[in-house]
Amino acid sequence: MKVEVRYYTRSGNTKKLAEAIAKAVGVEAKTVDEPLREDVDVLFLGSSVYAYGVDDNVKKFISNINVKVGKVVNFSTAALVKSTYKQVGKLLAEKGIKQAEEEFYCKGSFSFMHKGKPDEKDCMAAAVFAKKVIS
């Protein structure tokens, strides 16, 4: 099974999850600046919410996908909004790419809110989640 991990982060919160997921599934976490170069069965795609929306870098990454993707598994962090699942799903649907029903979300630290999140426990949970998805 071919698995890839891509993410976008400004604060480092989503990067922590991406690295935990990548380690759990035996691949390298890469930013959305690096396009997919070959077909993948599972793409773990990490993003955050900035001003109530998904960053333009994530939108650009999705719009530039030109390989076959079996399914995209969303993971995200945010201080206020629940997750990026619906927003990313809409973008994927426009490209005809399937989004998995399962997702991983946890709070991310921002300013004085949720200090230290995601923490080690969140990263461990993300790793367990990723292993379950590919098993």
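A polar contact is a pair of N or O atoms within 3.5 Å, of which, within protein, one must be able to donate a hydrogen and the other to accept it. In the predicted model described here, a contact of this kind, with a length of 3.0 Å, joins the side chains of Lys2 and Glu38. Lys2 is located in the segment that precedes strand β1, which covers residues 3–7. When residues up to four places away in sequence are not counted, Lys2 touches Glu38, Asp39, Val40, Asp41 and Val42. The relative accessibility of Lys2 is 29%, and Lys2 is therefore classed as partly exposed, since that class lies between the limit of 20% for buried residues and that of 50% for exposed ones. Although Lys2 and Ile134 are separated by 132 residues in sequence, their C-alpha atoms are 9.9 Å apart in space.

Ile134 also takes part in the packing of two helices, where Lys16, Leu17, Ala20, Ile21, Ala24 and Val25 of α1 meet Asp122, Cys123, Ala126, Ala127, Ala130, Lys131 and Ile134 of α4. Sorted by class, the residues in this contact of α1 with α4 comprise 10 nonpolar and three charged ones, with no polar residue. Helix α1 spans residues 13–25 and helix α4 spans residues 120–134, and the two pack with their axes 8 Å apart and at an angle of about 45°. Because of this angle, α1 is oblique to α4, and the crossing in which α1 passes α4 is right-handed.

Notes: Residues are numbered from 1 along each chain as its sequence is written. This is a predicted model: local features need pLDDT of at least 70, side-chain atom pairs count only at pLDDT 80 or more; totals for chains, interfaces and linings use all residues. Side-chain values use heavy atoms; hydrogens and water are left out. Axes are lines fitted to C-alpha atoms, for helices over the stretch in contact, and angles run from 0 to 180 degrees between N-to-C directions. Helices (H or I, at least four residues) and strands (E, at least two) are DSSP runs, numbered from the N terminus. Angles under 35 degrees count as roughly parallel, over 145 as roughly antiparallel, 65 to 115 as roughly perpendicular and the rest as oblique. A crossing is left-handed if the near helix is turned anticlockwise from the far one by less than a right angle, and right-handed if clockwise. Contact means heavy atoms within 4.5 Å. Ala, Val, Leu, Ile, Met, Phe, Trp, Tyr, Cys and Pro count as nonpolar, Asp, Glu, Lys and Arg as charged, and the others, Gly among them, as polar. Buried means under 20% relative accessible area, exposed over 50%, partly exposed in between (1.4 Å probe, protein chains only).
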